[in-house]
There are 2 protein chains.
Amino acid sequence: MRNIDCKNIKINDGFWKIKQDMVNNITLKSVYERFKETHRFDALDCTWKEGDPDLPHVFWDSDIAKWIESVGYNAFAYDNDELIKIVDESVEKIIKNRDENGYFNSHFLVTGERFTVRNEHELYCAGHLMEAAVAYYKATGKRALLDVMCKYADYIEKIFIKEQSAEFMTPGHPEIELALVKLYEVTGEKRYLEMSKFFIDNHGANDKDKELYPGCHLLYNQDEKPIRERDTVDGHCVRALYLLAGAADIAYLYNDKELFEATERCFENVVNKRMYITGATGSTCHGESFTIDYDLPNRDAYAETCAAISLAFFANRMIRLNADSKYADAVEKVMYNGALSGISVDGKGFFYENPLEIDVDFNNVHPCTDGGRRYPITQRKEVFDCSCCPPNVTRFIAGIGEYMYLYNVDTLFINQYIASETQTDNLKITQETQYPSRGEVKITLENNIKKYIALRIPGWCNDFSVNKEYTLKKGYAYVEVEKDDEIIINFNMPVRFVSANKKVHTNSGRVAIMRGPVVYCLEGVDNGKDLTALRVDIKGKTQVAEGEFIVPDIIAEGFKETENDNLYFDATDEYIETSLKFIPYYAYANRGETDMLVWVLKK
Amino acid sequence: MRNIDCKNIKINDGFWKIKQDMVNNITLKSVYERFKETHRFDALDCTWKEGDPDLPHVFWDSDIAKWIESVGYNAFAYDNDELIKIVDESVEKIIKNRDENGYFNSHFLVTGERFTVRNEHELYCAGHLMEAAVAYYKATGKRALLDVMCKYADYIEKIFIKEQSAEFMTPGHPEIELALVKLYEVTGEKRYLEMSKFFIDNHGANDKDKELYPGCHLLYNQDEKPIRERDTVDGHCVRALYLLAGAADIAYLYNDKELFEATERCFENVVNKRMYITGATGSTCHGESFTIDYDLPNRDAYAETCAAISLAFFANRMIRLNADSKYADAVEKVMYNGALSGISVDGKGFFYENPLEIDVDFNNVHPCTDGGRRYPITQRKEVFDCSCCPPNVTRFIAGIGEYMYLYNVDTLFINQYIASETQTDNLKITQETQYPSRGEVKITLENNIKKYIALRIPGWCNDFSVNKEYTLKKGYAYVEVEKDDEIIINFNMPVRFVSANKKVHTNSGRVAIMRGPVVYCLEGVDNGKDLTALRVDIKGKTQVAEGEFIVPDIIAEGFKETENDNLYFDATDEYIETSLKFIPYYAYANRGETDMLVWVLKK
C-alpha cells in the first residue's frame, strides 16, 4: 500500500484551491516575516553569545523547518522564487554553521551541551528539519538540505544507538520517528527506518528516560508505558499522536501485528472517547493533554491546532495497515474543522487553541484568567512565542494532497475528494467537484492499470449513489474500473443535527450542526448574546444559504427565551421563535471579537 | 429596630431542633476533638518555640473562637458542662498568656512581630474572640473572656487609631468590624462602635494598605475602593461579605444613608447577579472570590460554606435598615441550602466548598486536579488545615434563633419560621410549625404590646393565607394584633421548577427543583450515572414523598436518553420515560461518593 505523492497532484479548483492560493499568496510570506521579525531566521547564523538578546529558543529550528517544508509542498503547484531564495539562503547558513559531525541546532550550538536535556526538543527539531529536507528535495530536486540531514541522522545514530552516549534514550517530544521514515523512503537507507524503530520500541520502555523524568512527566513525555502496551492515548496530545504516527509507519513497514494492534487501540480510544467533533483533541491546557474518556469541555478546550493536525498524520498512516474508511474520516474531520479553524480566512492569523465555545465577556474577565480558570484567546494572532501552530497548519494545507490517494497492487483508494488532476508515471486521475460545498464528485481515470477503485463513503453520509456497481467493504465502495473510465459519485449532504454520547456531560441536551464533514457554529455577530440559551429545532426546516466562507451557511429554525431579568424565576415552556444562522466552525472569529458556540440546545 | 436575642428563644421542635440536637450531641464534641488532635487547643499555651512542630497557624485562634461562640449559643438551650469546662480552661490559658497590654494571639505571641503583616488574620482572630466573648458572656454570665477582649480592644484602639503605629490601617481579612459592634452592644462602650466605623471608613480608602498589597490583592483584600463607592461585590467572598455586614451595622447605628445605599447596591449585586440558587457565592477557588455578573459555574463552584453564612450575616443586618423581605429571603436561602450543605447529616463531616454538580469520575481524575482544573472534593471531612467552615456552620446552627425576630416601636417582624418558644421580659411568642416540611405556621402571642406583627412572605411563595386581615408591604404581611392573639399563616408549598437568567450560561436549558426554600438535587445513588443527560418534565406530575433527610424527597417525571454507544451520532427526539428522585441539596453526599446535580435539563 503506497501513497500517491502529493507532488504529482495538482489541486485546481474549489475549496482547497482557494486555501492553497491563500497560502502561496499570503500565509507563507506573512509567517516568514513574523519569524524574521522575531529573530528566528537570524538564529541560523549561530552568532548568539552570552549577554546577547534573543537567545534562539530550543524549538525555533522546528518553526523554520515547518516553514521550509511548507515552501516545498507549495512549490509542487506554485512558482514562488522569493520563497525558494529564502530557503536556499537558510540552507546555506545551516551548512555553514553545522559542526563537523553534521550536528545542527541553532540553540545548542550557541549554548549548552547537546543531547543532555531530554525535554529540550533537540531531536524534535532534527526531525522537522528532516521532513523539510525531504519535501524540499522532492519539490526542487535540490539535495543540499537532504544531504545535511542524512549526515545529521548518521550522527544521531552514532550517539543514540551505536554509542548510546546521550543523556537520554528517546526524545521527550516525538517527531523524529516519523521523519526518519520519510528519510528512509526518499533515500532507501534502511538504517533510518531502523533508527525510527529503535525510538518507537524504546519510548516508555527504558529506565534511563523514566529516571530523568519522574512523576507526572511520565505521561506528558509518553514514558508511562511502551506503545505496545497502550490502550489509551494519554499525556501531551501532539507528543502522543506524533509518536503514534511514527508507530503506525513502523507497524506497517515491519508488518508488526502487535504494534498495529496497539496503534489501533489508541486510534479507537481517541476517536471514540477523547476527540472533539472538530477532530481536535486536548481537553486541558495543563500539559496540553488528554484527560479521561468523555471529558471534552467546550469553553476551556485546549484543542491545539497542532494536535488536530497530528491526528491526521496518525490516522492517514493507519490506512495502510487496515483499509477502513474510519481513518480517512478522522482526517477529513481535521481537514475541515479542527485544523482549519487554526488559520484566519485572510491567511495571516492563527489560533493555537480552538475551543468549541467562546464567551467573550467571561473569557476575558480578569479574575478568571489571572491565576484562575484559563480560557483560550478569542482572536487569532500572527505569531506566538511558541509558534508551532502557524507553520504546521501552513504545511498541512500546502500538502493536503498527501491525504488523497493510496494504492496497492489492484486497488486505488480515494480517501479525500478534492478537485484536482493527478498524473503519475502512467495513470491520470481527475476529480471534478465542489466538495464539501456540494456532494457530487466526478472521477476520470486515464491509462488506469488498477482493477478497482475504492471510494471512501464518509462516515457522515447515509445516502449516496454511484454510477457503477459497487461492493461495500469497511466503508469503501469498491468499483471495478476500466483503463479509461468515469465514475460519478453523489453524496447526499443534508443538514445534520448531531448528538454527543451522554457521557460527554458538557454536551447534554445539545446538538452540533453539520453538513457533510463541516461542523457549524453560531456566532454572536449573527445571533446576539447568550448563545447558550438559544435552541435549535431538530425537526424544523433548514436552509442552505450562500455565505462568506466558501461552504454555505445554514439557517435553522430555533427558539429563544422569553425575557426575564431575574436571576432565578419560575420556569415556563414558552419560547419565542427565531431564526438561527450557522457559519462553518473553521471560519469563526473572522468578523471581530464575538461569542461562538458549536453545541446548541436542542428543542 | 432591634433583634430579639437568641438567648430568649428556645427551639423546641421540627427541623432546627433536630439540627441543634445534633450540634449539641455530636458536632461540638467532634469539632473539639479534631481541633485538639490538630494541636489548635494546645496553641493557647503559647509554648511553641523555634524547632518545635505544629507552629500555631495564624488563624487557629479564630477556629477556637468560633467553637467557643458555638458553645455559647448552644448553652442558651442545652446544659453541656463538658463543653463549658473546656471553654473555661481555654479562657484561663488566654488570660495567663496574653501580654501586659491585653494582646492575645497564639501565633504572634510565639513568633514574629505583631501588627506588621496585614494579611495574617491578626485582627480577624481578635474579632472572632470578641464574638466568642460576647456569646459566652450572654450564655453563662461569665465575664472573664469579655473583659479580656475589652482590654484587647482597647489596645487595638491605641495601636490602630490613637497611635496609628501598626504597619497597616485596616485588617486584610475583615471580621473585627462586626465583632466590635457586638462588643459595643453588650458593653455600651461607644468607643468600640467608633473603632468599627474607623475600619469601615478606611477600608479601601487609605494609601497605607494599598501600598502594602499592590496588584490583584487590592480586590482580594477589599482595598480597591471605599465601601461607599462600591456598586458590586468583588474579591474574596467571605472578606467582602463580613465587611459589608459590619458596614450595614455602622450604616444603621450611625443612620448613614450614603453607607446604606452602598451596602444596598452591593446586596442587590450579590443576590441578583452573583449568587448561586443555594445562597452560596464564590465562582472560583482562585482567590475564593466573586468573578463577574452571571458567572456561576456549577462543577467548579467554590461556594464556600463560610461565604454562604457571611451572606446571612450581611443580609440579616440589612433588615434593620430597610424592612424588606428580600433580606430575610436571602438568609433563608442560606439556612436551608448553601450553609447547611456544609455539614453532614451525622454532624461530623464538613464541606468547605459546596458545588452544585459533582461528577465523581471527572472530579477525581488526576490530570485535571494536578495543576489543572480544580474541582471540589466529593466527600465531607471532619477537619481541614484551614478549618474555618466547621465551627462557622456549627455556630450558625447553634445561633439560628438570631435570624428570627426584629422589632421596632410598634411592629414585631417574624423573619424565619421555626418551631419555638420565645420569652422576653414581657412578650411570649410561640411558633408551632413543621416548616419547611410543611407550610403551616401557628403563631401565638401572649402579653403582646406591639400593634402589628409583620409576617415575612417568602419570595418563593405565590400563594398563602392568613387567618386575619393583613396589609402587604415590601414582602411582609402586616397584621394588627391583640395582647393575646393567635395568627395562623399557611404558605402553599408546591414543587417549583426554577430557571436561571439566560446570562447564566452554565444553566441554559436547565431547571432547579425547589419546594419552599429548599433546593433539591439528583444523586447518582438514586438516579444512576450521567445525571446531566436526564430531563425533568416541568409539566409532569410530582410527588412529595417521605425521605431520609427531614424534609420530603420529590419524585418527578422525567426522561432519559435512548442508548447509543457512539461518541457522536444523529440526534433524535426520542426519550425513555423515567422517574427522577430528588433529595434536598443540603443532604447531598451523605450516602457514599456519588454524582450530584442541581440544574437538570428541562423537557
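Over all chains, the structure holds 73 aromatic pairs, where rings of Phe, Tyr and Trp (its six-membered ring) count as paired if their centres lie within 6.5 Å, with planes under 30 degrees apart called stacked, over 60 edge-to-face and the rest tilted. The model is a predicted one, in which local features need pLDDT of at least 70, side-chain atom pairs count only at pLDDT 80 or more, and totals for chains, interfaces and linings use all residues. Residues are numbered from 1 along each chain as its sequence is written, chains are lettered from A and ligands numbered from 1 in the order in which they are written, and side-chain values use heavy atoms, leaving out hydrogens and water.

One of the aromatic pairs joins F15(A) and Y336(A) edge-to-face, at 5.2 Å centre to centre and with 70° between the planes. F15(A) belongs to helix α1 (residues 14-37) and Y336(A) to helix α13 (residues 325-338) of chain A, so the contact ties together parts that are 321 residues apart in sequence. Helices (H or I, at least four residues) and strands (E, at least two) are DSSP runs, numbered from the N terminus. F15(A) is buried at 3% relative accessibility, and Y336(A) is buried at 0%; buried means under 20% relative accessible area, exposed over 50%, and partly exposed in between (1.4 Å probe, protein chains only).

A tilted pair is formed by Y435(A) and W460(A), at 6.5 Å centre to centre and 35° between the planes. Y435(A) sits in the loop between β7 (428-433) and β8 (440-446), and W460(A) in the loop between β9 (452-456) and β10 (464-466) of chain A, 25 residues apart. Y435(A) is buried, with a relative accessible area of 2%, and W460(A) is buried at 8%. The peptide bond from Y435(A) to P436(A) is cis, with omega near 0°. In chain B, Y435(B) and P436(B) are likewise joined by a cis peptide bond, with omega about 0°. Y435(B) also belongs to an aromatic cluster whose members include F15(B), Y336(B) and W460(B).

Charged side chains meet aromatic rings as well. R380(A) lies over the face of Y588(A), 5.4 Å from the ring centre, and the charged end of K473(B) sits over the ring of Y478(B), 5.8 Å from its centre. The criterion is NZ of Lys or CZ of Arg within 6 Å of the ring centre and within 35 degrees of the ring normal.

Helix α13(A) is mostly covered, with 13 of its 14 residues buried. Its end C-alpha atoms are 19 Å apart, which agrees with the 20 Å that its 14 residues should span at 1.5 Å a residue; the expected span is 1.5 Å times one less than the number of residues. At the start of α13(A), a side-chain oxygen of D324(A) reaches to within 2.9 Å of the backbone nitrogen of K326(A).

Turning to the strands, chain A has an open sheet of six, in the order β2-β6-β7-β8-β13-β10, with antiparallel pairing; two strands pair if DSSP finds at least two bridges between them. β2 (9-11) and β10 of chain A stand at the edges with a single partner strand each, so one side of each is left without a neighbour in the sheet. Within the sheet, β6 (residues 420-423) and β7(A) pair in the antiparallel sense over four bridges, and T422(A) has I429(A) in β7(A) as its bridge partner.

Terms used:
A polar contact is a pair of N or O atoms within 3.5 Å; within protein, one must be able to donate a hydrogen and the other to accept it, and residues adjacent in sequence count only if both atoms are side-chain atoms.
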